[in-house]
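This report describes part of a protein structure for a reader who has not seen it before. The sequence and the model come next.

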Amino acid sequence: MRKIQDKIFSTNDKHPDENVIPEQSTIDSDIEEGTTILDNDNQAVNEEEECDLCSCVVCTLIIGIMIWFATSTDEGSGYGGGYGGGSCFPAGERILLADLKSEVPIEKIQPGSTIHQGGRVTAVMKLANQKDQLYRYNNSVFVTGSHLVEENGAMMYVGESTEAMQVHDFTPDVVFNLITSGHKIIINSTTFSDWEEEEDCVESWYLEKALLQRLNNGRFDHQSPDILLDEMISEGAFEASTPILLKNGSSVPIQFLQPEDELAINDPDDEPNRVSAVMQLWVPSKAVAFSYKDMIVTEWTIVLDDDGFWRNVKFSRNASALGLAENYGTWYQLWTTTHKVPVTNRSILFADYHVLDEDDSIFVGESCE
C-alpha cells in the first residue's frame with residue numbers, strides 16, 4: 001500500500017532530526033559573556049575601542065545566526081528518499097531472481113515475480129528521469145544518487161558512498177524501480193532498497209478508511225459498508241486497454257502511456273495533471289475484477305461516483321463483478337501530479353496509486369517501532 005513516512009539514514013546512522021542545532025539563546029549567552037569579560041578588562045576604553053568592540057559583537061552575532069540557520073535548514077544528506085527523490089535504475093540493470101540463477105532486466109520484470117531477498121514484486125514502475133545525478137556504483141551498476149544501498153550492514157545514499165562515481169555521459173530519459181514485499185533489490189551482488197524502502201506502519205484496511213474519509217471531507221457514505229478490521233485490501237488497478245483521457249482530448253490505453261504525459265483536467269484553473277509514473281501491478285489471486293461503466297478495474301479501485309462520493313468500485317451501483325482479476329492479464333495503475341485519473345470523454349475520475357500527496361498527514365505517522 002501507500003508508504004507512510006520515509007525513514008532515511010545517513011552514513012552515521014543518524015536521522016536528520018538528530019543533528020545538533022545551536023539554539024539562538026546559546027549564541028546570545030556566549031556573546032553576552034564575552035562582552036562582560038571585555039568590559040571588566042577595559043573599563044577605560046576610548047570611543048574608538050568601544051566601536052571596535054561593538055563591531056566584534058555584531059560580527060560574532062551575525063556569524064552565529066548564519067551557523068544556526070545553516071544547520072537548522074540542513075536535512076542531512078540532501079538526497080530525497082523513495083517518494084519524489086527519483087531513486088531509480090536505467091533500463092538494462094539485471095535483477096537476480098529467487099532461483100539465484102536467472103537475471104532479468106528491470107524493465108522486463110513481471111509483477112508477481114519473486115526476486116532474491118526482495119520477495120514478491122508487487123509493482124514495476126516506469127518514471128521520467130528527474131535529472132537526479134546518475135552514478136556507477138562499484139563499477140557495476142548504474143543507479144541514481146538518491147537511491148539507498150547497503151554497505152557494511154547499513155543503508156546509505158549511493159551519492160554519499162566512496163564506491164560510487166558520477167556519470168556525465170549517460171542521461172536516460174526514463175528510469176525504473178520496483179516495489180517488493182521485502183523492500184530489497186539485488187543487482188550484481190549488491191543490495192539496494194526498493195521504491196518504498198520499508199514496510200507500512202498502518203494496516204491497509206485502516207489506511208483505506210482514512211483515505212476515503214479525507215476524499216469525502218468527513219461525510220459518511222451510507223452506500224459503502226464499513227471496511228472490516230483486518231480485511232484484505234489490494235491496490236486499485238486498471239485493465240491494460242483502459243482509455244486514459246489526455247489534455248488534448250484524445251485517449252490512450254493506459255499500457256501505452258508514458259511518464260510526463262499530460263492528462264485532462266476538470267477545470268481550466270486546476271493544476272496541470274501529469275503522469276509521474278506508469279505502474280504494472282500484481283493483484284492477489286482472489287482479487288475480483290469489476291466493470292464500472294464498461295471500464296474494467298479491480299474491486300478496490302477508488303472512483304468518484306455519480307452521487308459525488310469517492311468510493312471503492314465494489315460498493316458502487318454502477319459496477320458489476322466480472323470474476324477473478326487474474327484472468328485479465330497485466331494490471332496497470334498511474335501515479336499523477338493531481339492524484340486523479342481521467343477516463344475517456346465521459347468525465348469519469350478515478351484515484352491514482354497514492355490517492356493523496358505523499359506528505360499528507362495521513363502518511364506522516366509514528367515509526368513502526
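How many bridges join strand S5 to S9? Three bridges join S5 (residues 134-137) to S9, and the two strands run antiparallel. The model is predicted: local features need pLDDT of at least 70, side-chain atom pairs count only at pLDDT 80 or more, and totals for chains, interfaces and linings use all residues. Residues are numbered from 1 along each chain as its sequence is written, and side-chain values use heavy atoms, with hydrogens and water left out.

Strands are DSSP runs of E with at least two residues, numbered from the N terminus, and two of them pair if DSSP finds at least two bridges between them. S5 and S9 belong to an open sheet of three strands, in the order S6-S5-S9, with antiparallel pairing. Its edge strands, S6 (141-144) and S9 (164-166), each pair on one side only.

Elsewhere, S24 and S25 run antiparallel and are joined by four bridges. Two bridge partners are listed below.

| Residue | Bridge partner |
|---|---|
| tyrosine 135 | glutamine 166, in S9 |
| valine 343 | isoleucine 348, in S25 |

Both faces of S25 are covered: Ile348 and Phe350 on one side, Leu349 and Ala351 on the other, are all buried (under 20% relative accessible area, 1.4 Å probe, protein chains only).

Key:
Buried means under 20% relative accessible area, exposed over 50%, partly exposed in between (1.4 Å probe, protein chains only).
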